[in-house]
Amino acid sequence: MMVAPSPRFAPRGDLETVETGTALSPKFDADGLIIAIAVDADDGGVLMVAYMNDEALSRTIETGEAWFWSRSRRKLWKKGEESGNVLVVEDIRVDCDQDAILVKVRIAGDGVACHQGYRSCFYRSVPTGAPPAPDLALSFDASMRRVPPRD
């Protein structure tokens, strides 16, 4: 399924133009989505990974607050709308071929980005060095504080 170009952004040109030009022409996938990585504006720590559609990217650019598209709920959502843990945008970057968005943010509210109450959605580690098995146990990062989840 081909997604129609968004009237909000420049049309995609040839590879050289997309990779070295100044026009924002994001490459949305067949579902009309682009991966969005939110990182802490101060330390660069990865807070969460989500998806944006053209409306979410547009609202993020316009409002200075991070908006996403929920694939499970099939709706647009502003991060922190219920919890108060809004992601306030400091900078938005696009990768070389414009198929990924990096959003540098500051977290309002309790200072947690994960809906489970952790600072980052990446609060568990996967052990390495042995073949994976059904009893593989994840370990929790003790440096991540947890507050009761609210959104």
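Visitor: How many salt bridges does a search of the whole structure find?
Guide: This is a predicted model, and what follows is computed from its atoms. Side chains of opposite charge can pair when their charged atoms come close. The cut-off applied here is a side-chain nitrogen of Lys or Arg within 4 Å of a carboxyl oxygen of Asp or Glu. With that cut-off, a search of the whole structure gives a count of nine.

Visitor: Which parts of the chain does the salt bridge between Arg8 and Asp54 tie together, and how many residues apart in sequence are they?
Guide: The closest N and O atoms of Arg8 and Asp54 are 3.1 Å apart, and a salt bridge requires a distance within 4 Å. Arg8 lies in the segment before helix H1 (15-20), while Asp54 lies in helix H2, so the pair ties together parts whose separation in sequence is 46 residues.

Visitor: Is Arg8 buried, partly exposed or exposed?
Guide: Buried means under 20% relative accessible area and exposed means over 50%, with partly exposed in between. Arg8 has a relative accessibility of 41%, which means that Arg8 counts as partly exposed.

Visitor: Where in the chain are Asp42 and Arg106, and how many residues apart are they?
Guide: Asp42 and Arg106 form a salt bridge in which the closest N and O atoms are 2.6 Å apart. The pair links distant parts of the chain, with Asp42 in the loop between strand E1 (34-40) and E2, and Arg106 in strand E6, at a separation of 64 residues.

Visitor: Is Asp42 buried or exposed?
Guide: The word exposed is kept for a relative accessible area over 50%. Asp42 has a relative accessible area of 61%, and therefore Asp42 is exposed.

Visitor: Which strands does the salt bridge between Glu90 and Arg106 tie together?
Guide: The side chains of Glu90 and Arg106 meet in a salt bridge at 3.2 Å, taken from N to O. Glu90 belongs to strand E5 (residues 87-94) and Arg106 to strand E6, so this pair ties together parts 16 residues apart in sequence, namely strands E5 and E6.

Visitor: Which residues are the closest to the centre of the largest pocket?
Guide: The largest pocket has a volume of about 540 Å³. Of the 22 residues that line this pocket, the closest to its centre are Ser70, Ser72, Arg73, Trp77 and His115.

Visitor: Which residues form a nonpolar patch on the surface?
Guide: Ile61, in helix H2 (residues 54-63), is partly exposed, with a relative accessible area of 44%. A patch takes in residues with over 30% relative accessible area and no salt bridge. The nonpolar patch, with about 270 Å² of accessible area together, is formed by Leu24, Ile61, Ile92 and Val94.

Technical notes: Residues are numbered from 1 along each chain as its sequence is written. This is a predicted model: local features need pLDDT of at least 70, side-chain atom pairs count only at pLDDT 80 or more; totals for chains, interfaces and linings use all residues. Side-chain values use heavy atoms; hydrogens and water are left out. Patches are made of residues with over 30% relative accessible area and no salt bridge: like charges are joined within 9 Å, nonpolar side chains (Val, Leu, Ile, Met, Phe, Trp, Tyr) within 5 Å. Accessible areas come from the Shrake-Rupley method with a 1.4 Å probe; for residues, only the protein chains shown count as cover. Helices (H or I, at least four residues) and strands (E, at least two) are DSSP runs, numbered from the N terminus. Buried means under 20% relative accessible area, exposed over 50%, partly exposed in between (1.4 Å probe, protein chains only). On a 1 Å grid over the protein atoms alone, a cavity is a set of points where a 1.4 Å probe fits but cannot get out, and a pocket is an open set with protein on both sides within 12 Å along at least five of seven lines; lining residues have an atom within 4 Å of a point. Grid points are joined across faces, edges and corners, and a volume is the space filled by probe spheres set on the points.
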